[in-house]
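Dear colleague,

Please find the structure below.

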Amino acid sequence: MPASTLLAWISVIALVAVRIKEEFWALALVGLVTLALIPVRGHLILANTLMIYLLLVFLVAVKLGRRASVFALFLSIFAFVYYFVPPYSLVAVIDPQYLLVLGFMLPIVLITAHLTSGLRTQVIIAESRERRIRSLYELASELTGIVAPAQLAGPCYRFIAANFDADGTILIPDDRGNLVPVAPPGPPAAGLTSSPLAINQSVAEKAFRQGDIPWQESVPHRCETSMYIPLHGSTGVHGVLVLTLHKPDWELSSEQESLLKTCVTFIGLVLERLGFAARAQQAVLEIESERLRNALLASLSHDMRTPVAAMAGIADAMLLSSPPLHSVHRSLLESMHKQIRLILSDIDKLLDMARLHTDHVTLHKEWQLLEEVIGSAIKTIATVLEGYAVHITIDDQIPLLEMDAMMMERVFCNLLENATRHTPVGSRIDIDARVEHRLVVVRVTDNGPGLPPGQEEAMFEKFIHGKTKTGTGGVGLGLSIVRAVVEAHGGTIHAGNRPEGGAQFEFSLPIGDPPLVVSDGEKFL
Amino acid sequence: MTDSLRHAVLIEDEALVRRYVAMALEASGFKVWESETAAQGIMETATHHPDLIILDLGLPDRDGVDVIRELRLWCDTPILVLSVRTEEVQKVEALDAGADDYLTKPFGVPELQARIRAVLRRTPRKGDEVPAGGGIFEFGEVRVDMALRRVTRVGQVIHLTPLEYRILTLLVANLGRVLTHRQIMREVWGPGYVDRPHYLRVFMAGLRRKIEKEPANPRHILTETGIGYRLVQ
């Protein structure tokens, strides 16, 4: 082999090696095969030699791609003609016979290279898809067990760093509604969030307030190198994911975008679940404490009621003793009796309240006349109403109302009693009932000092009572019982002051579908 | 009391309540036989043939309503039941089973004595006419003449429908005693109407408008919420 040829080979190799790796390998392989075949060229027929080159080009097509294989083909034809076809000179190269070989082999090489490269691309895509799915699966399995938002941070930030070449920060609203970042528990892991992210609070707020628009339709809010993505659950936005990109001009591929959507939906749902869990736990706590309180109320008042009721009876019986008591003792006994009655009425309220708040409040609803219930209530607390002028105005148009008469009687008793507690003896109490827009509206008003402004709603809370005349304070349950009963009947209640002075309690009850009562006609006696 | 000594059986498990009810009964001229349990009370009743039985509905050994049913098989002594405020259903059951009236604890001695008078009036000891006074009965400004079937108020004739009149006479015949919705419905409308108490309410309201000065704050036809009605003089 002439030295010039060798030199040419080496220079071409060196030239190509620095530029393209695949072509360099193709060149090297063709060179090696040629060097290996030259010593035995006397023993091989041409067809076999050609077959060896064909195999080589085919292998290059499979392993190194299309460009390298075409390059290898040309090199092979050249080497074959130059080194193996007598007279071993370039003359044979231009022989049309060998150009024809080139013409046949070129399509084979191209097709092979195309097929294998397609296959290879598929494999690469499949591998990357698998990697994504695996990381999504890992994220999912890590997030299913978490019980606090802080636990969300670690897995999510790792996932985002691994898949998007970005730093993630989840912002969730705190108790006051401000968006605060979720920090992973413990010291921050090195390299994960190395620098504190600059978060634009107003953009985050905007993304958070975006509300009901599903993320798929909304444009992510971008600000500098960060994306602000609202985290949607089925009941609204639960937080914002901030994605701070490492490269400013970076765009998401369609695959990454769908991955991001899945991830965002997933975090949103997890946040929603955490919210529900927290609320459920809160509710359970409240129910438990409420139940405990009511059980306590019930047992206390029941245990107190029996002896106190007996005391009232004994005081009464003592009044009957013979010889008759001295008038001083008599009046002392009478006032003792009165006080015992007051205690009993408070115990009854505790019992009522406890009963209203048990799990199954059973209202014995029947079609009742309001007039009858009011009359019965006045009779029940006749002793309390002594000295007060009670005026009752009832609209004739009021139909039968479906209600629990006992409970509704308590409503009137408690409202009337409340009025007597806050007004001096001799005051006027009005009960006015009328039909207004498919509702029966009942107003209980007095001409006393009225309610303290701003306290109208608080009066209905348990154990709250306004300023009373000395010595007439109660347990502060009367009005909360009133509200509970009215609401159990599908009604509403409000307290306020009359413009002309005095307190006004107004409640309304829905008019149902009262049954028809057949009159026995005009056959008067 | 000028009557000869009357007997009462008191069945009540709470010692304090028993004590003061006994005191009140004795003050009204009763000889009281106290018992703590239903079984003992039934035995006392059989032994002493009392004029009155006072029965607590919340006895430890037996259901009060059951006791009433058993007593009513062989004795028609007036029964006054004692009960607590929240047991309306039980009270109605007791009354429908044959109890004559009820008292809700805590009750005052005057209330107890008034009830005793009312239940004893209904079962006079020597077969007196009810109501006394030749079929004429008066309460407040209202006068009911049973013979003439005429009702007047302050001298003015009141026009009542036949049903209203029947309700009124039923109440008059049971003056001072509670009547359950069921009892009134059965007497006035017949057994088929007992589950429609709203009929009674509407007619009662009509009756009150004609008889009472202030129908929403009645003086005579009183509502016993959840139980029935009572006419008082």
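Chain A has 12 helices and 12 strands; helices (H or I, at least four residues) and strands (E, at least two) are DSSP runs, numbered from the N terminus. This is a predicted model, in which local features need pLDDT of at least 70 and side-chain atom pairs count only at pLDDT 80 or more, while totals for chains, interfaces and linings use all residues. Residues are numbered from 1 along each chain as its sequence is written, and chains are lettered from A and ligands numbered from 1 in the order in which they are written.

Of the 525 residues of chain A, 30% count as buried. A residue is buried if 20 or more other C-beta atoms lie within 10 Å of its own, exposed if 12 or fewer, and partly exposed in between, with C-beta atoms placed from the backbone. Two residues are in contact if their C-beta atoms, placed from the backbone, lie within 7 Å. Among the contacts in chain A between residues at least 6 apart in sequence, 66% join residues at least 24 apart.

Ala61(A) belongs to helix α3 (residues 46-64) of chain A. Ala61(A) counts as buried because it has 26 C-beta neighbours inside 10 Å. Apart from its neighbours within four places in sequence, Ala61(A) is in contact with Ser69(A), Val109(A), Thr112(A), Ala113(A) and Thr116(A). Leu73(A) lies 12 residues from Ala61(A) along the chain, and their C-alpha atoms are separated by 9.5 Å.

The contact between the chains takes 35 residues from chain A and 35 residues from chain B. On the side of chain A that touches chain B, the largest share, eight residues, comes from α8(A). By class, this side of chain A has 21 nonpolar, five polar and nine charged residues. Here Ala, Val, Leu, Ile, Met, Phe, Trp, Tyr, Cys and Pro count as nonpolar, Asp, Glu, Lys and Arg as charged, and the others, Gly among them, as polar.

I turn now to chain B. Helix α1 (residues 15-27) of chain B has 13 residues and reaches 18 Å from its first C-alpha to its last, close to the 18 Å expected at 1.5 Å a residue (1.5 Å times one less than the number of residues). The buried residues of α1(B) are Val17(B), Arg18(B), Tyr20(B), Val21(B), Ala24(B) and Leu25(B). Gly29(B), which follows α1(B), has a positive phi near 90°.

Strand β6 (residues 136-139) of chain B and strand β7 (residues 142-145) of chain B run antiparallel and are joined by four bridges; two strands pair if DSSP finds at least two bridges between them. Phe137(B) stands opposite Val144(B) in β7(B). The hairpin of β6(B) and β7(B) has two residues between the strands, and Gly140(B) in the turn has a positive phi of about 55°. Four bridges also join β7(B) to the antiparallel strand β8 (residues 150-153) of chain B, where Val151(B) is the bridge partner of Val144(B).

Elsewhere in chain B, an open sheet of three strands has the order β10-β12-β11, with antiparallel pairing. β10 (178-180) and β11 (221-224) of chain B stand at the edges, each with a single partner strand, so one side of each is left without a neighbour in the sheet. Three bridges join β10(B) to strand β12 (residues 228-231) of chain B, and Leu179(B) stands opposite Tyr229(B) in β12(B).

Yours sincerely
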